[in-house]
Amino acid sequence: MLKSRVLYLLMLLMLPAAALAQSDNPRRDAEKMYQRAQGFQYEVENNTSADSLRFFRCVVDAIDYTLKSDEADRKPDKDGEVKLRHESGNKKRLVSMRPRLIDAALYLMAHNHRQDGINALRLYMKMSQSPLLTDAKEGDETTVAAFYLAQAELEARNYKAADRYADIAMDDDDIAQDAVEIKAQCMHDEMVNHSDSAKYLAVLAQLYNAEPSNETYFSWLMQFYSHENPHFNFENFIDKQLQDNPGSCIPWILKGETAMHAKRWDEAAEAYQHADDIDPKRIPVIYNIGVCLLNSAFDEQLAADDASVKNKKESKEERTKTICAQARNYFERVKAMDPHRDKVDWVTPLYQVYRILGDNIKADELQPLVKRK
């Protein structure tokens, strides 16, 4: 008996698609789709296929045909009546197969079947709207499916779809922040006018305020303000962040970046020093302090004696060496923390500092590395 049923199910699996096309007989269509779904479910649950690709395709097909069976089952017959004959079986199948569908989608996407995987995620979204699952919310991962779809649509530059799916994903606290990032990227790529830019900046500022230490948000802010715009003053924004986040080093880094870009070396060094006081493990920050001090020393060499220098009875050369000595301390810290120059290339500036300070022994040790650069 069991053997004959298995053979029957296998025959159903081999039926051509045309034989399963919906007709004008909803009852018959519902039955055909129901049997088809059962066949795929049997293959999945009994693991009859050694092929992972086949296994996950069966997961997708089992759910697809279940939804099609239910859709036909809910259509009125020739007498205008709706008689649900497969509701119970279809519901049990969906609840049973649902946990595997996202795994199937991710597997397909990772194994050169990207569009099939995306279609599987869309099937999950369709399934979540099925009346069969109205009272079966446990185990529902609609927000997760929506998040992966948002990522896929963003990569395809379908920004409206990506934004729509990200809205759904935001209902999940565990991925809400990631979903907001997708929305922000959509807004960035669709910016056309001042209003668009203002909305984008508002979202970006909200993200940054929620997590001031996040390097991604930091880089997005720098990217946004790297394009000169009379409507947005970066330095005003930084001052506001320094007030709102006094314990964060990021606003000080932003201030240092801005001053450094404008070649205001002393101001930049001071800002970076504040960041270094808060977090002394940031190698690029320590390196930038040294760079700013070294450039300040170069400017000191070129500038004429000013009143402040004369009042201190300190010559330009002495002042230059004092600043370079400070720069040397920062570069040597970087050297100790990043000996293989994985983060920054400290060799050339440290070599220059040694030469200025007259420490030719240490300068000669570094010279071969400078030549190889």
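Author: Let us start with one residue. This is a predicted model. Leaving out residues up to four places away in sequence, Asp276 touches Val285, Ile286, Ile289, Tyr330 and Arg333.

Reader: What makes these residues count as touching Asp276?

Author: Contact means heavy atoms within 4.5 Å. Val285, Ile286, Ile289, Tyr330 and Arg333 are in contact with Asp276.

Reader: Why is Asp276 called buried?

Author: Buried means under 20% relative accessible area. Asp276 has 7% relative accessibility, so Asp276 counts as buried.

Reader: Where does Asp276 sit?

Author: Asp276 lies in helix α13. That helix covers residues 265–278, 14 residues in total. From first C-alpha to last, α13 reaches 20 Å, close to the 20 Å expected at 1.5 Å a residue.

Reader: Which residues of α13 are buried?

Author: The buried ones are Trp265, Ala268, Ala269, Ala271, Tyr272, Ala275 and Asp276.

Reader: How do you know that the buried residues line one face of α13?

Author: Look down the axis of α13. The buried residues fall within an arc of 165°, so they line one face of the helix. On the other side of α13, Asp266 and Asp277 are exposed.

Reader: What are α12 and α13 to each other, roughly parallel or roughly antiparallel?

Author: Two packed helices are described by the angle between their axes and the distance between the axes. The axes of α12 (residues 250–261) and α13 come within 8 Å and cross at roughly 160°. Angles over 145 degrees count as roughly antiparallel. Therefore α12 is roughly antiparallel to α13. The crossing is left-handed.

Reader: Which residues of α12 and α13 meet?

Author: From α12 come Trp252, Ile253, Lys255, Gly256, Glu257, Ala259 and Met260. From α13 come Trp265, Glu267, Ala268, Ala271, Tyr272, His274, Ala275 and Ile278.

Reader: Why are α2 and α3 called roughly antiparallel?

Author: The axes of α2 (residues 26–45) and α3 (residues 52–73) come within 8 Å and cross at roughly 160°. The cut-off is over 145 degrees. So α2 is roughly antiparallel to α3. The crossing of α2 and α3 is left-handed. Their contact includes Met33, Tyr34 and Phe40 of α2, and Phe55, Val59 and Tyr65 of α3.

Reader: How many helices and strands does the whole protein have?

Author: The protein has 18 helices and 0 strands. Of its 373 residues, 43% count as buried.

Technical notes: Residues numbered from 1 in each chain as written. Predicted model: local features only at pLDDT ≥ 70, side-chain atom pairs only at ≥ 80, totals over all residues. Heavy atoms only, no water. Helix = DSSP H or I, 4+ residues; strand = E, 2+ residues; numbered from the N terminus. Expected span 1.5 Å × (residues − 1). Buried < 20%, exposed > 50% of the residue type's maximum accessible area, 1.4 Å probe, protein only. Arc of directions from axis to C-beta. Axes fitted to C-alpha atoms, helices over the stretch in contact; angles between N-to-C directions. Parallel < 35°, antiparallel > 145°, perpendicular 65-115°, else oblique. Left-handed = near helix turned anticlockwise from the far one by under 90°.
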